[in-house]
Amino acid sequence: MNNEPLKILLVEVTPGEASLQREALPHSGTVQFEIVRVAQFKEALQYLAQGDITVFLLGLLPSESLKPMQPLKKQLVAVPMTLLIDPEIDLQTVERAVHDLQIYFDKEQIEWNLLTHLTHCAIDCRQLQSEIRQYSQQWQISEARFRNVIARNADGILIVDHDGIVRFMNPAAETILNSRNQDLLGELFGFPVIAGETTELDIVRQPGPDQMAEMRVVDIEWEGVQAYLISLRDITEQKKIERALRESEAFSRAILNSIMVYIAVVNEEGLIITTNEVKAHYFPQKAACFLKNLARGGNYFTLCRQAGATQLLNGMLEVLRGEADSFEAEFPCPTPDEEFWFLIRVKPFEGNLQRSIVVSHIDITKDKRAAQAEAESRAKVAWIDQREREIRSLLELAHPPQAAVTASIFGLVPIRESVPSTFEEIVQRYNELIDLALEQRAFKIDHRVSEHLRAMANQLGFLKAGPRDLIDIHSTVLERKGGSTHPLKAQAYVEEGRLMVLELMGYLVSYYRSFSIGVRRTLTPEALPAKPSNRPGEGGRS
Amino acid sequence: MNKFLLKLYITGDTPRAERAINNLRQVCERELHNQYELIIIDVLEHPHLAEEEKIMVTPTLVRELPPPRRRIIGDLTDTAKVLLGLNIRTYPVSESGKD
């Protein structure tokens with residue numbers, strides 16, 4: 001409160017009855033008064049327009065004279081205090097005319113000290129009222145801004161009271177709920193309940209496509225009462241995208257899981273972020289290699305280091321660092337029983353967060369085995385070709401056209417031609433002996449093949465057979481056996497037959513040597529025939 | 001004792017609808033002890049019912065009886081909030097456990 005004089009505007013329409021005296025006021029206390037007395041409201045308006053009036057005093061006013069005060073109402077708003085000092089006037093009438101009337105006195109008993117004190121209190125009160133009005137205006141502005149923000153918000157916003165009645169909704173809420181503001185205000189929407197921060201709702205549209213919204217709820221005070229602010233966000237498109245992503249991911253994963261390749265995504269630390277699902281025990285569990293220990297959450301690099309797979313580890317690191325576009329290596333995975341092979345292929349993968357690699361493990365065991373089998377098969381075919389060439393050579397040796405002609409000239413006819421029945425019989429026996437020889441070798445059964453061969457050599461010697469006859473017998477037997485015999489067995493026949501024919505030749509040579517010695521002992525040179533004798537019983541061979 | 005008549009509005013056979021039904025059944029079994037009747041209404045099958053009731057979102061749970069009518073929307077997993085929203089107090093249980 002300052003010491004400036006209080007400027008009092010006194011309206012006394014009937015000055016003759018006034019008891020206030022301008023002179024009396026300065027003696028009523030320490031506060032300085034300055035009284036401006038007017039008799040007409042028009043004059044009061046002029047003073048009020050100047051704006052420096054502190055107290056507006058209504059003096060002796062008859063009720064009927066208050067009507068002219070109506071124009072004063074606006075100006076009186078700025079005056080801190082309005083006093084009435086004539087209790088005979090109807091108080092309510094004055095209040096209606098001057099809405100800021102605050103206190104009144106009996107004109108006969110005015111205590112100026114009290115009036116001064118009350119005046120200051122009124123000034124303070126008026127200031128407080130002014131502040132309240134100011135704050136109220138600010139609040140109204142703030143609320144207007146708040147409503148404006150809500151109205152322009154892209155999210156649908158409803159305000160419902162504790163009974164679930166809609167008290168406010170913005171245009172976005174109208175769009176989401178497909179309802180007009182005037183249709184929903186005052187209607188029952190519902191008591192919002194969420195378990196966490198948000199919950200999802202289906203929007204009911206008739207007719208209309210499926211629509212979803214995410215609901216948030218906060219407690220607020222709305223127009224003086226507790227209420228809920230419900231925020232609705234249209235998540236239909238988001239859900240569609242999420243569903244499409246899920247379907248796409250499921251599709252990709254189904255494809256990944258359908259292929260028989262173990263795929264691991266490894267990050268820069270070597271951590272296996274994810275893998276596809278291949279059949280159980282894709283890697284042989286009895287294998288000594290580390291591949292069987294690969295699993296999501298494990299560290300590929302650590303497993304490589306522990307297993308000493310340095311080449312693979314370096315290859316992966318090079319791809320991770322971008323020094324190589326890819327890396328491939330064949331990795332053996334042996335078990336005690338058999339050997340498995342995997343082709344490990346490393347490709348870079350640019351993820352959202354960090355660089356990773358995709359490591360594919362392709363089981364190439366079948367390919368490896370097939371390649372090995374093919375190589376073995378080729379070797380066998382080459383061997384068989386060689387054997388075939390050998391047999392062909394033997395045949396050619398056994399049936400040389402020149403030799404036949406030469407033999408004919410010298411009277412040497414092959415056994416096949418001279419004694420065909422005996423030749424066939426010997427072939428049959430040789431055929432049986434070669435089977436016995438194979439059994440003897442395979443099963444360690446003593447069939448006394450050598451004795452049979454010796455006997456056959458004696459018979460052939462008796463028939464004066466030569467090496468070509470032996471080769472003829474041998475090749476005939478092999479040719480017959482080769483027609484319907486498994487290649488492996490044919491190979492065995494060839495090998496065993498080669499030994500048999502050599503042994504047979506040996507016995508035949510031995511026979512002829514023994515025969516020659518016996519002849520020398522028993523015959524004189526003169527008694528020796530001039531030319532070879534004919535075969536016994538046949539007479540055609542000499 | 002008045003029996004509670006509850007109507008739950010759902011949209012189709014979705015996981016959300018199934019979850020709402022299961023949650024509500026649990027709340028009812030635990031709090032209302034057979035003193036309730038629950039009607040499930042699929043707004044896709046009965047659109048006119050939703051229109052008559054002015055159902056704007058699902059899941060919406062309406063307490064028809066006893067009056068006053070109450071309606072809650074949203075997640076029904078929080079028993080306390082569901083009971084608060086429906087203005088249902090914990091139903092007193094007799095010694096027999098029923099009625």
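Q: What should I know about the model before starting?
A: It is predicted, so local features need pLDDT of at least 70 and side-chain atom pairs count only at pLDDT 80 or more, while totals for chains, interfaces and linings use all residues. Residues are numbered from 1 along each chain as its sequence is written, chains are lettered from A in the order in which they are written, and side-chain values use heavy atoms, with hydrogens and water left out.

Q: How many residues of chain B are in contact with chain A?
A: On the chain B side 23 residues are in contact with 23 residues of chain A, where contact means heavy atoms within 4.5 Å.

Q: And what area is buried there?
A: About 2,200 Å² is buried between chain B and chain A, and carbon and sulfur atoms give 56% of that; buried area is the accessible area (1.4 Å probe) that two parts lose on being put together, summed over both.

Q: Which residues of chain B lose the most area?
A: These are B:Arg16, B:Met56 and B:Ile73, which together make up 33% of what that side buries.

Q: What does B:Arg16 form a salt bridge with?
A: Its partner is A:Asp202, with the closest N and O atoms 2.8 Å apart; a salt bridge is a side-chain nitrogen of Lys or Arg within 4 Å of a carboxyl oxygen of Asp or Glu. Across this interface the rule finds four salt bridges.

Q: Switching topic, at what angle do α8 and α9 of chain A pack?
A: Helix α8 (residues 300-307) of chain A and helix α9 (residues 310-321) of chain A pack at about 150°, with their axes 9 Å apart. That makes α8(A) roughly antiparallel to α9(A), a term for angles over 145 degrees.

Methods:
Axes fitted to C-alpha atoms, helices over the stretch in contact; angles between N-to-C directions. Helix = DSSP H or I, 4+ residues; strand = E, 2+ residues; numbered from the N terminus. Parallel < 35°, antiparallel > 145°, perpendicular 65-115°, else oblique.
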